[in-house]
Amino acid sequence: PDSFDKLPEMISKVYTDLVEAGDIKEVAEGETPQVPMDYTWAKKLGMVRKPANFISSISDDRGEELKYCGVSISEVFEQEMGIGGVLSLLWFRRQLPKECCKFIEMILMVTADHGPAVSGAHNTIVTARAGKDLVSALCSGLLTIGPRFGGALDDAAKMFADALDSGVNAKDWIDKMKKSNQLIMGIGHRIKSLANPDQRVEIIKNYAK
């Protein structure tokens, strides 16, 4: 063309001539693909949500096999870790020595049943006899555990933790509690004594020695 202004007209003429001559076969244009909406904008509009990132650091079932703190469930059984080994992975986030795992299992064994003569056990039995389901019966018992029945362990843990943080040795701390006429939770029993020792305590003591 003589100028750029005539270029579109010439392109159109050449194209039309080629089509009429059969050199070019016109093909219908497909639909223009729709550009996806920007994620940030779509999130603001409430059209999409970010995937959850809630991951447990001790129990992971996202893969082919369940893992406890990185240890596969098949390894747990192959190594015969037992309940103590599993609890060491879940609670302490590492595999404790066998003697520690056995100690955990012994604690569970000697405290598995306390008998019916406490409020928690009594209320569990009453609720179950009333025809309620298992979960309701257990909740009834758990909610009535207190400092007088079954709850001494909580106060004992607090006392021992405070004693440890204070830096005082065990004997001095006990002497201090005796002088102030304070009960040491978790130590002593209304029925059991040195003359009539609790065999559960003796079992744990002998193993610790």
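Two aromatic pairs are present in this structure, which is a predicted model. One of them is stacked, because the rings of phenylalanine 103 and tyrosine 207 have planes at 20° and centres 6.5 Å apart. This pair links distant parts of the chain, with phenylalanine 103 in helix H5 and tyrosine 207 in helix H10, 104 residues apart.

**Aromatic pairs**

- Phenylalanine 103, a member of the stacked pair, has a relative accessibility of 33% and therefore counts as partly exposed.
- Its partner tyrosine 207, in helix H10 (residues 199–208), also counts as partly exposed, because its relative accessibility is 27%.
- Phenylalanine 160 and tryptophan 173 form an edge-to-face pair, with 75° between the planes and 6.0 Å from centre to centre.
- Phenylalanine 160 belongs to helix H8 (residues 152–166) and tryptophan 173 to helix H9, so this pair ties together parts of the chain that are 13 residues apart in sequence.
- Tryptophan 173 counts as buried at 11% relative accessibility, whereas phenylalanine 160, at 38%, counts as partly exposed.

**Packing of H4 with H5**

- Helix H4 spans residues 82–92 and helix H5 spans residues 98–110; their axes lie 8 Å apart and the helices pack at an angle of about 105°.
- Because angles of 65 to 115 degrees fall in that class, H4 and H5 are roughly perpendicular to each other.
- On the H4 side, the contact involves Gly82, Ile83, Gly84, Gly85, Leu87, Ser88 and Phe92.
- These residues meet Cys101, Ile104, Glu105 and Leu108 of H5.
- Sorted by class, the residues of this contact are six nonpolar, four polar and one charged.

**The ends of H9**

- The N-terminal end of helix H9 (residues 170–179) is capped by asparagine 169.
- In this cap, a side-chain oxygen of asparagine 169 is 3.2 Å from the backbone nitrogen of lysine 171.

**Threonine 127 in H6**

- Threonine 127 is located in helix H6, which covers residues 119–129.
- With a relative accessibility of 14%, threonine 127 counts as buried.
- Its side chain reaches the backbone oxygen of asparagine 123 at 2.7 Å.
- Apart from neighbours within four places in sequence, threonine 127 is in contact with Lys132, Ser136, Ala137 and Ser140.

**Valine 19 in H1**

- Helix H1 (residues 7–20) contains valine 19, which counts as partly exposed at 25% relative accessibility.
- When neighbours within four places in sequence are left aside, valine 19 is in contact with Ile24 and Glu26.
- A distance of 105 Å separates the C-alpha atoms of valine 19 and leucine 183, which are 164 residues apart along the chain.

**Aspartate 198 between H9 and H10**

- Aspartate 198 is placed in the loop between H9 and H10.
- The relative accessible area of aspartate 198 is 13%, so this residue is buried.
- Its side chain makes a polar contact of 2.8 Å with the side chain of arginine 200.

Definitions and conventions. Residues are numbered from 1 along each chain as its sequence is written. This is a predicted model: local features need pLDDT of at least 70, side-chain atom pairs count only at pLDDT 80 or more; totals for chains, interfaces and linings use all residues. Side-chain values use heavy atoms; hydrogens and water are left out. Axes are lines fitted to C-alpha atoms, for helices over the stretch in contact, and angles run from 0 to 180 degrees between N-to-C directions. Helices (H or I, at least four residues) and strands (E, at least two) are DSSP runs, numbered from the N terminus. Angles under 35 degrees count as roughly parallel, over 145 as roughly antiparallel, 65 to 115 as roughly perpendicular and the rest as oblique. Contact means heavy atoms within 4.5 Å. Ala, Val, Leu, Ile, Met, Phe, Trp, Tyr, Cys and Pro count as nonpolar, Asp, Glu, Lys and Arg as charged, and the others, Gly among them, as polar. A polar contact is a pair of N or O atoms within 3.5 Å; within protein, one must be able to donate a hydrogen and the other to accept it, and residues adjacent in sequence count only if both atoms are side-chain atoms. Rings of Phe, Tyr and Trp (its six-membered ring) pair if their centres lie within 6.5 Å; planes under 30 degrees apart count as stacked, over 60 as edge-to-face and the rest as tilted. Buried means under 20% relative accessible area, exposed over 50%, partly exposed in between (1.4 Å probe, protein chains only).
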